[in-house]
Every structure is written in C-alpha cells, then in structure tokens.
Amino acid sequence: MYVCLCKGITERQLKAAIAEGNADFMDLKRELGAGSQCGKCIPVALAILAEETAKN
Ligand code: FES
C-alpha cells in the first residue's frame, strides 16, 4: 500500500527504513523524501513510525 503518493513510498519501504535505524520523521524525510511535497502522508507515516518503534 502506498503511504506517500507524491514520492511513491510504500508502507513496506517505510517499515524497512525504520528497521534500518531511521528513528524519527526527519530521518524518513531525509532518507525517502516522505512528506516532502504535499504533506498529506505525514499523519499516516507518523502512525507507522510510532507503531514500528513501539515494537523495538
Ligand atoms: Fe507524501 Fe504528498 S503524499 S508528500
């Protein structure tokens, strides 16, 4: 499932980036470009980030 349509970033890509140590949203933005255009994906990306970091 696409999380960020502007950059074509999937949930799987986001989770992989988080697992690789990108521990906050600025890391994901820098690494993948998430949220760097319209910003509509930011709430969903933050929810995935919270979910994934809670597992670790
Ligand atoms: Fe992610 Fe637009 S959907 S920046």
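First, my cut-offs: I call a residue buried under 20% relative accessible area, exposed over 50%, and partly exposed in between, with a 1.4 Å probe and protein chains only. This is a predicted model, so I take local features only at pLDDT of at least 70 and side-chain atom pairs only at pLDDT 80 or more, while totals for chains, interfaces and linings use all residues. I number residues from 1 along each chain as its sequence is written, and side-chain values use heavy atoms, with hydrogens and water left out.

**Entry 1: the loop between α1 and α2**

I started with Glu-20, which is found in the loop between α1 and α2. My helices (H or I, at least four residues) and strands (E, at least two) are DSSP runs, numbered from the N terminus. Is Glu-20 buried or exposed? Glu-20 counts as exposed, because its relative accessibility is 63%. I also checked Glu-20 against Ile-42: they are 22 residues apart along the chain, and their C-alpha atoms are separated by 19 Å.

Gly-21 follows α1, and its phi is positive, near 110°.

Ala-23 has its place in the loop between α1 and α2 too. With a relative accessible area of 53%, Ala-23 is exposed. I then asked what Ala-23 touches, counting contact as heavy atoms within 4.5 Å. Leaving aside neighbours within four places in sequence, Ala-23 is in contact with Leu-49 and Thr-53. From Ala-23 to Glu-52 I get 9.4 Å, C-alpha to C-alpha, for 29 residues of sequence.

**Entry 2: the two sides of α1**

Which residues of α1 (residues 11–19) are buried? I find Leu-14, Ala-17 and Ile-18. They cover an arc of only 100° around the axis, so they lie on the same side of α1. That arc is the one made by the directions from the helix axis to the C-beta atoms. On the face turned away from the buried side, I note the exposed residues Arg-12 and Ala-19. The buried residues of α1 pack against β1 (2–4), β2 (9–10), α2 (25–32) and α3 (42–55).

**Entry 3: the two sides of α2**

Phe-25, Asp-27 and Leu-28 are its buried residues. Their arc around the axis is only 155°, which puts them on the same side of α2. Met-26 and Arg-30 are exposed on the face of α2 turned away from its buried side. The buried residues of α2 pack against α1 and α3.

**Entry 4: α1 against α3**

How do α1 and α3 pack? I get an angle of about 45°, with the axes 10 Å apart. That makes α1 oblique to α3, since angles under 35 degrees count as roughly parallel, over 145 as roughly antiparallel, 65 to 115 as roughly perpendicular and the rest as oblique. The axes are lines fitted to C-alpha atoms, for helices over the stretch in contact, and angles run from 0 to 180 degrees between N-to-C directions.

From α1, the contact is made by Glu-11, Leu-14, Lys-15 and Ile-18. From α3, Ala-45, Ile-48, Leu-49, Glu-51, Glu-52 and Thr-53 take part. I sorted the residues of this contact into 5 nonpolar, 1 polar and 4 charged. For that, Ala, Val, Leu, Ile, Met, Phe, Trp, Tyr, Cys and Pro count as nonpolar, Asp, Glu, Lys and Arg as charged, and the others, Gly among them, as polar.
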